[in-house]
Amino acid sequence: MAQQKAVVLPKAKGDWLVDSVPVYTPGPGEILIKIHASALNPVDWKIQAYDFFIDKFPAVLGTDIAGTVEALGEGVTGFAKGDRVLTQGVINENAHAGFQQYTLSNADVTAKIPSNISFDQASTVPLGLATAVVGLYGGGISLTPPWADGGAGKYAGKPIVVFAGASSVGQYAIQVAKLSGFSPIITTASPHNAAYLQGLGATHVLDRALSGDALRAAVKQITSAPIEFAYDAVSGADTQTAGYELLAPGGAIVIVLANAVPEAKQTKDRKIEHVFGNVNAPQNRALGRSLYAKLTGLLETGAIKPNRVEVLPNGLQGIILGLAKLKAGVSNVKLVGRPQETA
Ligand SMILES: NC(=O)c1ccc[n+]([C@@H]2O[C@H](COP(=O)([O-])OP(=O)(O)OC[C@H]3O[C@@H](n4cnc5c(N)ncnc54)[C@H](OP(=O)(O)O)[C@@H]3O)[C@@H](O)[C@H]2O)c1
């Protein structure tokens with residue numbers, strides 16, 4: 001069997017290493033992709049540090065993938081060898097993972113990369129965008145996506161508050177909220193990211209250091225409309241609570257980590273929606289398929305802009321160092337490895 005190099009987690013909480021693993025054969029509906037760029041996400045270092053989601057070892061992680069089509073499985077149409085594509089990996093499936101030189105993808109949630117977007121940029125899109133999209137247009141909230149019939153601008157005049165606008169997820173939440181017509185789009189960030197986030201569609205950027213009370217007062221100054229939607233892309237106990245307390249009756253907040261709103265503050269008429277941001281998951285697949293059918297166009301027109309990129313040197317080895325760097329914290333940048341540049 002042909003072999004390739006991968007970043008491997010040999011056992012729960014083990015030390016990352018670069019090792020050889022098989023190159024997989026695409027089955028029906030699958031594509032074999034040669035990976036040129038693989039973006040890092042907090043979940044990757046968290047899995048190693050805290051041991052969750054994975055029960056098969058050695059494990060290959062990474063879910064943000066951009067590369068070229070190498071081979072097509074049975075029944076796959078619309079793609080040809082050499083096409084530049086992006087896709088999302090599947091957690092706990094080594095054959096569908098990003099921190100290696102080749103991966104399989106599910107063709108229905110794979111899209112071509114337009115010529116204005118590099119592999120590095122494209123790799124920043126799948127997980128962050130999926131998390132924004134599933135949060136607002138899937139699950140218990142299920143708004144009409146902006147690419148569906150009647151969805152563009154549908155929520156005009158409704159405010160939304162996005163916590164952590166400069167995070168990868170937050171940037172995509174701002175951008176899809178803009179396509180949906182939400183206004184004002186109020187976000188929280190470090191002040192040095194304000195102009196960048198306004199460029200993505202935020203109408204107001206509030207300092208992330210504001211207390212919950214100060215934030216509520218600032219939001220009231222911006223709009224008197226009821227806050228029906230909040231998206232918390234950082235989801236600490238403080239931001240979740242602040243977001244929840246902003247909501248009008250009937251409102252909903254999307255959270256990306258476990259619910260940490262104190263029970264005493266929760267009321268029946270305000271919803272807390274936890275998101276699982278993977279388009280391969282059965283419950284998200286139909287929404288994911290509809291997104292990936294439009295994704296090339298959304299990137300080509302600039303309706304969705306990728307995150308800012310920092311390329312890690314030294315191929316797969318660089319990804320290991322990058323995971324430590326991400327754990328220490330980044331601001332408004334996505335770390336991206338290039339598996340083909342492995343020595
Ligand atoms: N449930 C899911 O499916 C899912 C999917 C994806 C991610 N996540 C989780 O979502 C979180 C974000 O992931 P990510 O990749 O988007 O993170 P990221 O890009 O690494 O986030 C870094 C950014 O977070 C911002 N930030 C941190 N604390 C903040 C606060 N208290 N208020 C405002 N901004 C704050 C910083 O903004 P400034 O630079 O402006 O200070 C920084 O730019 C992680 O915990 C991740 O594990 C969950």
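Residues are numbered from 1 along each chain as its sequence is written, and side-chain values use heavy atoms, with hydrogens and water left out. Because the model is predicted, local features need pLDDT of at least 70 and side-chain atom pairs count only at pLDDT 80 or more, while totals for chains, interfaces and linings use all residues.

**Domains**

The protein chain is divided into domain 1 (3-125 + 306-341) and domain 2 (129-274), with bounds that come from an automatic or database domain assignment. Taken over C-alpha atoms, the centres of domain 1 and domain 2 are separated by 29 Å. Domain 1 gives 10 residues to the contact and domain 2 gives 10 residues, where contact means heavy atoms within 4.5 Å.

The size of an interface is often given as the accessible area lost when the parts come together. Between domain 1 and domain 2 the buried area is about 830 Å², and carbon and sulfur atoms give 36% of it. Buried area here is the accessible area (1.4 Å probe) that two parts lose on being put together, summed over both. On the domain 1 side, Val125, Asn307 and Asn332 lose the most area to domain 2, together 56% of what that side buries.

Helices (H or I, at least four residues) and strands (E, at least two) are DSSP runs, numbered from the N terminus. Helix α8 covers residues 285-300, which is 16 residues, and spans 23 Å from its first C-alpha to its last, close to the 22 Å expected at 1.5 Å a residue. The expected span is 1.5 Å times one less than the number of residues. At lysine 294, α8 bends by about 45 degrees; the bend is the angle between axes fitted to the seven residues ending at a residue and the seven starting there. After α8 comes glycine 302, whose phi is positive, near 85 degrees.

Leu287, Gly288, Leu291, Tyr292, Leu295, Leu298 and Leu299 of α8 are buried. Buried means under 20% relative accessible area, exposed over 50%, and partly exposed in between (1.4 Å probe, protein chains only). The partners against which the buried residues of α8 pack are β6 (84-88), β8 (110-112), α3 (126-137) and α4 (168-179).

**Strand pairing**

Strands of a sheet pair through backbone hydrogen bonds, either parallel or antiparallel. Two strands are counted as paired if DSSP finds at least two bridges between them.

| Pair | Sense | Bridges |
|---|---|---|
| β9 and β10 | parallel | three bridges |
| β1 and β2 | antiparallel | six bridges |

Individual bridges can be located by residue. Aspartate 64 has glutamine 88 in β6 as its bridge partner, and valine 85 has lysine 112 in β8. For valine 161, the bridge partner is isoleucine 186 in β10. Alanine 6 stands opposite aspartate 19 in β2.

An open sheet is formed by three strands in the order β2-β1-β4, with antiparallel pairing. Its edge strands, β2 (17-22) and β4, each pair on one side only.

Five of the five residues of β10 are buried, so β10 is largely enclosed by the rest of the structure. Ile185, Thr187 and Ala189 point one way from β10, and Ile186 and Thr188 point the other way.

Most residues other than glycine have a negative phi, and most peptide bonds are trans. A cis peptide bond joins phenylalanine 57 and proline 58, with omega about -5 degrees. Proline 58 is placed in the loop between α1 (42-50) and β4 (59-60). Another cis peptide bond joins serine 183 and proline 184, with omega about -5 degrees; proline 184 is in the loop between α4 and β10 (185-189).

Phenylalanine 53 has a positive phi near 70 degrees and lies in the loop between α1 and β4. Phenylalanine 53 is partly exposed, with a relative accessible area of 43%. Alanine 164 has a positive phi near 65 degrees and is in the loop between β9 (160-163) and α4. At 17% relative accessibility, alanine 164 counts as buried.
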